[in-house]
Amino acid sequence: MNIEIYKCPNCGANIDLSKEICDYCGVHYKIRTYQQLNGIDSGFISKIATLYNNRDNVVDSNLCVGLCYLKLKQYSLALLKFEKAIENNPLNGESYYYKALAILQGKKPFLLNRVNIENAENCIKSAIAIQDSAKYFFLWAIIRYDYYYRKAYNVSPDYKALFDNAIGLHLQGEDVKEIYEIIGCEWEKTFSC
Ligand SMILES: [Zn+2]
């Protein structure tokens, strides 16, 4: 039997990929949320991506790698990983939500074509079907505002209704920041919270 040894991307000690934190240096090497990547340099993020790449037997490894690629602005690689994550674990709403963000390719919805917009919206609907989360509704509200409302397309639900849903579910400032960072825009004046 071929036993692979994995090394901590920070200190080089042997680690167990099913755990999340290095026993020796205390570094967090398994990523579950985009916010965990705040303040981490891109070299280290690449190491985490390499560590978990193609480890389908490790729970949510594809989500972890996808988040790394999303942070590194490698949107097509991120998209592939989120698709894999959904295949392996279809009941994690986060994979659909981040897939929607990868489809937006770091751009404002206004700049994308209709096919991409509808694909991203379908991902958000899948995420919401699994779990109600303020940030899912907020991302959908942004798409409905920037792509539909600004182009004067009528849709239901409109961005105001979706924004109200997000507020009702206690939208957090850090969720807003995360989405703004990924799609590179600032609409604090429209969506103040
Ligand atoms: Zn370590």
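Tutor: Two residues are in contact if their C-beta atoms, placed from the backbone, lie within 7 Å. Residues are numbered from 1 along each chain as its sequence is written. The model is predicted: local features need pLDDT of at least 70 and side-chain atom pairs count only at pLDDT 80 or more, while totals for chains, interfaces and linings use all residues.

Start with the setting. The protein has eight helices and two strands; these are DSSP runs numbered from the N terminus, H or I of at least four residues for helices and E of at least two for strands. Their order from the N terminus is β-β-α-α-α-α-α-α-α-α. Domain 1 covers 1-69 and domain 2 covers 90-193, with bounds from an automatic or database domain assignment. Over C-alpha atoms, the domain centres are 28 Å apart. Contacts join six residues of domain 1 to six residues of domain 2.

Now the core itself. A nonpolar core is a set of buried Ala, Val, Leu, Ile, Met, Phe, Trp, Tyr and Cys residues joined through C-beta atoms within 7 Å. Buried means 20 or more other C-beta atoms within 10 Å of a residue's own; 12 or fewer means exposed, and in between is partly exposed. The largest nonpolar core holds 54 residues. Those touching the most other members are Leu70, Tyr97, Ala100, Ile124, Phe138, Leu139 and Ala141. Elements that give two or more residues are α1 (42-52), α2 (61-71), α3 (75-88), α4 (93-103), α5 (114-130), α6 (134-149), α7 (159-168) and α8 (173-183). The most comes from α6, with ten residues. Both domain 1 and domain 2 give residues to this core, so it lies between them.

Zoom in on Ile124. Setting aside neighbours within four places in sequence, Ile124 is in contact with Tyr97, Ala100, Tyr136, Leu139 and Trp140.

Step back to the whole chain. Buried residues make up 37% of the 193 residues. Among contacts with a separation of 6 or more, 50% link residues 24 or more positions apart. The C-alpha atoms fill a box of roughly 60 × 30 × 30 Å along the principal axes.

Last, confidence. pLDDT is the predictor's confidence in each residue, from 0 to 100. The mean for the protein is 92, and 95% of its residues reach 70 or more. By element, the mean is highest in α5 (98) and lowest in α8 (91).
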